[in-house]
Amino acid sequence: MLLFENIILALNGLRANKMRSLLTMLGIIIGIASVIAINTVGNSMTTSIEDSMSSMGATNVTLGVSQKSSSTETSSSGMTFNFGPHRTEMTDDDYLTDSMLDDLEEKWPDDIEGIEKTESVGTGIVEDGDAYANVSITGVNDTAFTNEDLTILSGRIFTDRDYEEGKKVALVSDYFCNNLYNGDTSDVIGQQITVTYNNKFYHYTVVGVYEYDADSNYSSSSEYEVATSLYLPLQTAFDSEHEDPQYSSVTLVTSTSTDVDNFMDEIEDYVNGRYYRNNDNFEVSCSSMSTMLESMTSMLSTISIAISIIAGISLLVGGIGVMNIMLVSIQERTREIGTRKALGARNASIRTQFIVESMVLCLVGGLIGVILGIVIGAVAAHQMGYDASPSTGGIIFAITFSMAIGIFFGYYPANKAAKMNPIDALRYE
Amino acid sequence: MAEKEIIIDARDIYKRFYIGQPNELEILHGISLKVYKGEFVAIVGASGSGKSTLMNIIGVLDKPTEGVYSLDGVDIMAARDAELSDIRNQKIGFVFQTYNLISRTSALKNVELPMLYAGIDKKTREERAKELMAMVGMEGRMHHTPDELSGGQKQRVAIARAMANDPAILLCDEPTGALDTKTGRMVMDIFHKLNEEQGKTIVFITHSPELAEECQRVLTLSDGQFIGEREGAGCAAV
């Protein structure tokens, strides 16, 4: 009953001193807004990554060759460097080879459903008079191609023979057709195209057209300029470079029943023990979407902690500001306090009145902060390409916390008011 | 005359300040005062006579250093802080020279305030506050804030507020001190009406002998002691 009256009274007070209240709340607003903003960004990131994880397959394990940490030079100060001139170039002996991968498939037939192998040759151009199309030449094996999840608009995909014999066949995008074939996706089938790459000419027969997904392939170039993938059978790509098949990283598609973490450890131990034991500079390491997510989350939580500390300082300063303004307010309203006591207010009623007032002040500040934080966080998340999803827990915490600040920093002034001598308070000018 | 109910019973009240210090000061030197139910008593004194100190003690804002005081049968000397608050709330209606209305809240809310502290529910509070406002002729300005009222109007709201919990006494400290003669007269008439029609006990503190003359009994305070007691004109009027 009295609480409700006190809240109304406090809100009236806020309205009567708008500017002063706003300035007082600023610290709280900034503090809460920054916490909520970083929280929203973080939550949006994790939610989006988790979503894409399930669509891209949480079961994918990336096996990559990386520099051994022990091979990095240790300076006299004990700090390790892993960059610049100290980096060792990979030689042919350091890459993963088909025979190694075949070995893995034989050893874990139940766990490995396929191995995605890709070879990025580079960016080339296909010209026809003034018209041209940029292409990113990519060799793929059948597992990799299937996992790309492409929509075929016309023609066909690669056959087993294309892969095995390294036939000079290619798939192009609908963008490619727009640039060179007036958007006709069936005209191009069976055509011989000439790709210029690295000042050399390569000839391929187009067997199919896939739909380019502009949304998932972010590019700053215009639609005409964008280099869409020109897919080749993996063997064809290696043949064009006159190289033996070798990879710096491949993706192992594991079965859904596989314990990914365990599997990653096993693979690492096996490959390092068997193939990289005598390699002074390189070793292999595994990562999966979930380990990527973990490292991202830990990075994010580091940022969160840093921002939270800043926000904490802001909230502390804000709280002191609230305390300060409450002390001023109590001084100004000494006569009112005296009158209330003469009318029969107990000390506890006076104390409650001013604690509620400081709580309302902080709560309104907290609410403004939450709204501001959600807006900032949503804009930031949107800029980073994630769907904004503010976390309910964070919001509840922020509101509760701002109320707690109100109580904590309001107690001392409220108690001071409660303990005023009514005679002196009534006589105060 | 039949035995009258005693409302204020104060005996040998001493009030000292700065006790034990070189500048120890005794303001009240053993004052005794009896006020009966339904009386309209004036306490007159020049400034520095101890009027304010006596009023604070009668109004339970302060405790005497020495003496016995019971208000409407309650022993004040033994009461603790929270109990003193409740006594002020239930038994005393203050009317100040400077009105002391709470700014930013409506006149009606001001009248409700003592009832709020008494824990009376919202509906009853509102009804009672409206009745009281009507009683002092302020029913038309209930929702105005004190800033929007004239001095006389403010004092009428203050009287309504003092009557909120139907106190045992109305304690008025120079209630017409800040008003012009005409509005001061109007406020005095309200007190007479409350005294005559509702039998309200009123203790009226003033430095003006003319206003004191209207009351039934006039006590003159000088240098911390009562130096005279006489019947006022108000007595004859009844």
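Predicted model: local features only at pLDDT ≥ 70, side-chain atom pairs only at ≥ 80, totals over all residues.
Which residue in β4(B) does B:Y14 stand opposite? That was what I wanted to look up to start with. I found B:E66 across from B:Y14.

Strand β1 (residues 6-17) of chain B is joined to strand β4 (residues 66-71) of chain B by 5 bridges, and the two run antiparallel. Reminder from class: strands of a sheet pair through backbone hydrogen bonds, either parallel or antiparallel.

**Helices α3 and α5 of chain B**

Next I checked how some helices pack. Helix α3 (residues 107-117) of chain B and helix α5 (residues 151-162) of chain B have axes that come within 8 Å and cross at roughly 30 degrees. Angles under 35 degrees count as roughly parallel, so I wrote down α3(B) and α5(B) as roughly parallel to each other. Their crossing is right-handed. On the α3(B) side I listed B:A107, B:N110, B:V111, B:L113 and B:P114, and on the α5(B) side B:V157, B:A160 and B:R161. I sorted the residues of this contact into 6 nonpolar, 1 polar and 1 charged.

**Helices α5 and α6 of chain B**

I stayed with α5(B) and looked at its packing with helix α6 (residues 181-197) of chain B. Here the angle is about 15 degrees and the axes are 10 Å apart. That makes α5(B) and α6(B) roughly parallel to each other, therefore I gave them that label too. α5(B) passes α6(B) in a right-handed crossing. From α5(B), I noted B:G151, B:G152, B:Q155, B:R156 and B:I159, which meet B:T183, B:M186, B:V187 and B:I190 of α6(B). The classes in this contact are 4 nonpolar, 4 polar and 1 charged.

**Where chain A touches chain B**

How many residues does each chain put into the contact? I got 17 from chain A and 18 from chain B. In chain A, the elements giving two or more residues are α1 (2-16), α10 (334-342), α11 (347-383) and α13 (422-427). The largest share of that side, 5 residues, comes from α1(A). By class, I have 7 nonpolar, 6 polar and 4 charged residues on the chain A side.

**Domains of chain A**

The domain assignment gives chain A a domain 1 (2-52 + 294-427) and a domain 2 (118-244). Their centres, taken over C-alpha atoms, are separated by 58 Å.

Notes:
Residues numbered from 1 in each chain as written. Chains lettered and ligands numbered in written order. Axes fitted to C-alpha atoms, helices over the stretch in contact; angles between N-to-C directions. Helix = DSSP H or I, 4+ residues; strand = E, 2+ residues; numbered from the N terminus. Parallel < 35°, antiparallel > 145°, perpendicular 65-115°, else oblique. Left-handed = near helix turned anticlockwise from the far one by under 90°. Contact = placed C-beta atoms within 7 Å. Nonpolar A, V, L, I, M, F, W, Y, C, P; charged D, E, K, R; others polar. Domains from an automatic or database assignment. Pairing = 2+ DSSP bridges.
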